[in-house]
Each structure stands twice: as structure tokens, then as C-alpha cells.
Amino acid sequence: MDLLAPLKEHFGYSEFRPLQEEIIRDALGGRDVFALMPTGGGKSLCFQLPALLREGLTIVVSPLIALMKDQVDALQASGVAATYLNSTLGAGEAKARWRGLHRGEYRMLYVAPERLMLEGFLEKALNWNIAQIAIDEAHCISEWGHDFRPEYRELKKLRTHLPEVPTMALTATATERVREDILKQLKLREPQCYVASFDRPNLTYRVVPKASPYDQLLAFLQARPHESGIVYCASRKTTDSLASKLNADRIPAKPYHAGLENDERARNQEMFLRDDVRVITATIAFGMGINKPNVRFVVHHDLPKNIESYYQETGRAGRDGLPSECVLLFSAADVVKQNRFIEEKSEAEARIAREQLRQMVHFAEARQCRRTTLLRYFGEERPDEPCGGCDNCLTPRETFDGTIAAQKFLSCIARVQQKSGFGFGLNHIVEVLTGAKTEAVKQRGHDQLSTYGIGGEMKREAWQAIGRELLRLGLVEAAPGKFATLQLTPAGLDALRERTSITLTKPVDVATKTKGRAGEIETDETLFDELRALRRKIADERDVPAYVIFSDVALREMARSYPTTPAEFRKIPGVGEQKLKDFAEPFLAAISAYLESHPRQAFGAARTAPSRRAALNDSESETLRRFRAGESIDEIAQARGFVRGTICMHLALAVESGAPLSLDQFFTPDQQAEIAVAFARTGPRNLTGLGDSLGANYSIDDLRIFRAFAQRSQH
């Protein structure tokens, strides 16, 4: 089946993002599917396009009712028969939608998990021709996930109620353990599992020392007067306070947290989605599934509890693929606050929380590439080279000879342990070094040690940072548990005895706005602003968010290629047949009017985010290792419990990433010549057409590998 024609017709795109086509084909084949794709990776399309290409209803389980209307509005703007059922509907409107469902008028239904699992709801649903169930934010079903929701647990009963209906589970954030739990809880049958790269090439990650946080935030926002974004805070109080101060400084902002009345919270979110305010200050209660593609920045005013939360929250920036910024304001005081919260948990929960916090602090203080650190956390490796999209790669942190400072710190740990017979925590060591006159220091006799007060030349915060860096360098280790006492590792003992030279890192200054990220589109900015105003006017008339009409990517492409005819307008990404019919006239008129008084600007080639990373994930690497060791594709598939197509996809990705493989390992010279002739005729996009023209002698999976070689040779 050709999928590119309906993709362009309904959604206005001429090519798929990585893994979308494979997932869609499996869904159309009636298979259960698990898809882990980063925010902005195009998860929704994986169930939306199949819903249009087959008979029956696709039920989409979504956790937040506030977002359903926007998602359905966007589908309806693209000409898709979609609806939702939730508590925001009046009785008359709800009845009308029920009637439509019974008559088979809809292709898609969005519903919250608690409503879907009501016994009466499922009984009625059995009368509909249900073709597929798609479970969005599937990590909510796992208690090992960072956002466990008990109501999601009930979804495991779906297999009993609807045993023959294929299920698709989708998430943007899940560790290996959470993935396994999702498959188990939902009882997915021989699912096709797809794990995309966690990399978001268009995002820039920065960590800034937290000095005067409000002044830092205000300066950041004032430098970006036309951009909207999210500021995450640890408490409701900070959320309210920041919003109030920003409004006083003429930056439209609204708070969002669980302490607000439902109506006010929904209203504030709606204002942000519709660009009536450009900043939302929020606790972690805000954001899951936020479908606003033009969030240009995410600022963490306070330290997140774990890397999963940080990754998911920063992932709300730049969903449209355009350059966006992620800034974390970091201070040691935030670490202390988090530890206080952790002390209130049970010992089992606290142990996990401390480890998660330690990894978060390691990320914040690391001088290595932040992208590499993030990806490694999720089990993904990338080439050992600067990413060009984090502060440590763009402006590497200055280092200094920290041998003397390190010697003082290591020596103090040794002396304290020698004196008392056991270790003490980081803060106590710092108090001894700085000569603090605390009761704990005096009581233990640590004010009598030779290391007492030898670090008076530096502040406590500086010593704490040095202590954490020595932990990262493996010279010091912290015992697990509430008190996290420090002791020297064998490497630390050697460094102390041999006075080994040790390089440490200086604190960083506030970085300026970064430019040149992947996904940047050179544009006629004046025309872009005019088109944005037109988009807003049309959106207000239709009572929908602006991005439902067109994304920023589409507007920037219009302001770059200046389309003046319907045929040219059709080529803009995001312009399908319905949007061509509804919006071509006003936008073409605006562009033509603009060109009467402004010259066309010339632009170089657009820089877009790479469609595939250079590095393979662990599963793909294992396939490559086995293949290079001499195992056949079928042998690898059988040994690893995958279908043949998955192994072929792994090898195609390996080819794309530059792995040392050759066509001769897959095809004879005669086969290569035969496929090459057909390939030249059909082009690289339509593998199905290529297969048909070859008389079904080759599978789509084999041809995907051939295409990977062909595309690699062109670069």
C-alpha cells in the first residue's frame, strides 16, 4: 500500500519521520505495537493515519481531558472525522456524539482511561466496529515510571473485553524496566517494538549557576520578546509569585498548578496554547501531552527530581523541529531542599529518590557533553564528538589545576574517618574544611584536626562543588542511605599518597542565546510576522489555537519560498487537501500583497534536523554485531525473538549510520543490477511500488536495506 499519497493528502507531509512508516504498516497489519518516540517525533500520526486507511473506529486513550479538544480540532482542520467524550461536554452534545458513534460517523474517538473502563461505556463500545486501541502516555501504567497513574492500571482489562482488537502503546519516556512493564500490564501479543533515538537535535541544553533567579529569568525573557515557553518551578508558591512578578514587568504570564480551581487552571492553559500569554509558570502538574509545537524554551527555575522528568519537561520545547532552548538554573541549595523532601519518604522510596537525585546533580554539574550524558542515561550512545547543542560543547567550561584543593578535601575525609572510626557526609566535611564552629564539629573533636579550617579561602558552595566533582571523578564514593557518608576510593587513596595532579572545573557564567541549531530555517522575518498575525486572526475566528491552522515550520517555509499559486502552496509542509481548500486563498493573498512592496529575499539551503542519528542504540548494535559475526538475518531474528523485518530495519539503520557493511553481503551482483534499474525508475520513497515492479521477488524489508545503501552513497 502506498502511504505517501494519503500522508500528503490528509496531513500535508511528503515524507515520514524515522520509524513512522514501519509502525503504521504494522498497525494496518493488525499487530500489537509498542512505540517509544521522543516528544515531537510524530507519535500521533502512527495511529491517526491507519485510522483513515481502514474501516472502523480507533479509540485513543489520553490522560488529560483538557487536551482532547485541541487534538480533535487539529484533526478536524485536516478533514478527519474525529471526536472526544469527556466531562466538559453538555448533555445534549454528549448524546449527539454517542449517536454519531453508533452510526459509525467517526474514525477516531479520544477518551480518558477512567471513562473508557466504566462497565457501561465498554458495553456500548462493543457495538462499534473498533479497529484499534491506541494508548498514549503509556508509561503512566507502570509504577516504575515517573508519572504512574492508578487509573491506567485498569487498562490491562481491555484484552479481556476486546480480545481481538490490536493495541498500540506509545510513550516518549521509558527506561528498559518501564518498557517491559508496559508490555506485561497491557498484555500485548507478540508486539512489534520500536525504540527511536532519544536525541532531540534541535534543542540546546544549558545549565546556569542560580544567583538572582528572578533577574536571570527576566533578562532571558526580555531577550526573546516574541517567543513563548514554560518555566517549571518546584512549588505552587514560586509558580504564583513568578507569574505575578512577570506580569508586573509586562511579560504576559499565567500560573498552572494543582492548587488552582479546575476552571482557572484550564483557562490559563488555554490562554497559553492560544498565545494570549507567552509564558506559563508551572509545577510538574503541567505539560503531559501538551500539543503546542512552538514552545521555544523551557526554563527550570528549580532542580527536577530525576532525569526522566527533566527529559520529558524539556521535551515540550521545539516539537515543530525548530531551534529551542532548555535552561536549568542550578544551585547547591536546591539539592539540599530536595534531600529534605526525600527524608519524608519511606526508606525504600528514599533510596531510589536519592539515586535519581544524584544522577540529576551529576548531569547539572558535569563538564562532558550534556546530550551524551542524557542519552547514555536512556541506554543510547552517540559519537564522542561535540554535539554543538549544549553549553559544555559550545562554550567548554574553563578548568584549573585543582590539585591542592583536591588534596585538602581528600585529606579531610581521611582525617575525619581516622579520628571517629567512621565517615561523615559532604556538608560535615565542608564544615571542617571551612572552620565552621558548629556543635557537630566540636562534639566530635573535629576542630582539633590538622585539616580544620584549611579551606577558609573558599566559600562552602565552592567546596561542595569540589566534593561532588571528586565523587564524579571516582576519587570519593558515597555510601547508600540517608546519611550518604563519604570515603576515599582506592583511586582517591592513591591520589592522596602520590599527590597526583587533578584538574577541576570553574563555575560557568550565564550563557547567551545560542544560534545555529539543527532545524533552523532562514526566513523573511517581516513576512513571517505578517503571516503569524493572519494565522492568529483565522484561529480566533475558528476558536482554535493558532497551531491548528499551521505550524511555525509551515509559516517559515511560506516566508522563505513565497508561494503565490495553489500548486506552490500545496508543496508547503503541513498543507494537505483540506487546508489547501480552507486556507490557500487568504495566505496566498497576503504573500502576493507583501511582494508588491517588498523584494524577495534569497536564502541558502534550509538546515533541517538530521533524520537519523549517527549512533545505533543497544538493540541495533547487537543485531549488527551478530550479523558481522556471520549469523544470517533469519538466525538473528530467531535467536533474539524478533520478526525478520525488525532485524532488516536494524541493519538498514546500521548502513545509514556508516557501519562497515557492503551490498555484496545482502545481494548477488545480478540482484543488485536488477533492483538498481527498478530503483532508478520508482525513486527512493515508494518501496511498495519498487517491490511490485520487481514482481514480488524481494520483500519490503530487503528493499529497505538496498535503499539505505543507495542513500548512503549519495552523501
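1. A residue is called buried when its relative accessible area is under 20%, exposed when it is over 50%, and partly exposed in between, with a 1.4 Å probe and protein chains only. By this criterion helix H1 (residues 4-11) is mostly covered, since 6 of its 8 residues are buried. The buried residues of H1 are Leu4, Pro6, Leu7, Lys8, His10 and Phe11. Glycine 12 follows H1 and has a positive phi, near 80°. Helices (H or I, at least four residues) and strands (E, at least two) are DSSP runs, numbered from the N terminus.

2. The model is predicted: local features need pLDDT of at least 70 and side-chain atom pairs count only at pLDDT 80 or more, while totals for chains, interfaces and linings use all residues. Residues are numbered from 1 along each chain as its sequence is written, and side-chain values use heavy atoms, with hydrogens and water left out.

3. Helix H3 (residues 45-53) is largely enclosed by the rest of the structure, because 8 of its 9 residues are buried. These are Leu45, Cys46, Phe47, Gln48, Leu49, Pro50, Ala51 and Leu52.

4. The whole structure contains 4 cavities of 30 Å³ or more. A cavity is a set of points, on a 1 Å grid over the protein atoms alone, where a 1.4 Å probe fits but cannot get out; lining residues have an atom within 4 Å of a point. Grid points are joined across faces, edges and corners, and a volume is the space filled by probe spheres set on the points. The largest cavity holds about 60 Å³. Its lining consists of Ile133, Ile135, Leu155, Leu158, Arg159, Leu162, Val165, Thr167 and Leu186. Strand E5 (130-135) and helix H9 (158-161) each contribute at least two residues to that lining. By class, the lining has 7 nonpolar, 1 polar and 1 charged residues, where Ala, Val, Leu, Ile, Met, Phe, Trp, Tyr, Cys and Pro count as nonpolar, Asp, Glu, Lys and Arg as charged, and the others, Gly among them, as polar.

5. Threonine 283 is placed in the loop between strand E11 (279-282) and strand E12 (295-300). With 11% relative accessibility, threonine 283 counts as buried. Leaving aside residues up to four places away in sequence, threonine 283 touches Tyr232, Cys233, Ser235, Arg236, Thr239, Tyr256, His257 and Ala258; contact means heavy atoms within 4.5 Å.

6. The axes of helix H14 (residues 307-314) and helix H16 (residues 347-365) come within 8 Å and cross at roughly 55°. H14 is therefore oblique to H16. Axes are lines fitted to C-alpha atoms, for helices over the stretch in contact, and angles run from 0 to 180 degrees between N-to-C directions. Angles under 35 degrees count as roughly parallel, over 145 as roughly antiparallel, 65 to 115 as roughly perpendicular and the rest as oblique. Ile307, Glu308 and Tyr310 of H14 meet Gln356, Gln359, Met360 and Phe363 of H16.

7. Helix H19 (residues 403-420) and helix H20 (residues 426-433) have axes that come within 10 Å and cross at roughly 105°, so H19 and H20 are roughly perpendicular to each other. In this contact, Lys408, Phe409, Cys412, Ile413 and Val416 of H19 meet Leu426, Ile429, Val430, Val432 and Leu433 of H20. The contact comprises 9 nonpolar, no polar and 1 charged residues.

8. Alanine 539, in helix H24 (residues 525-542), is buried at a relative accessible area of 1%. Residues up to four places away in sequence aside, alanine 539 touches Val544, Pro545, Ala546 and Ile549.

Technical notes: 1 Å grid on protein atoms, 1.4 Å probe; cavity = no way out; pocket = protein on both sides within 12 Å on 5 of 7 lines; lining within 4 Å.
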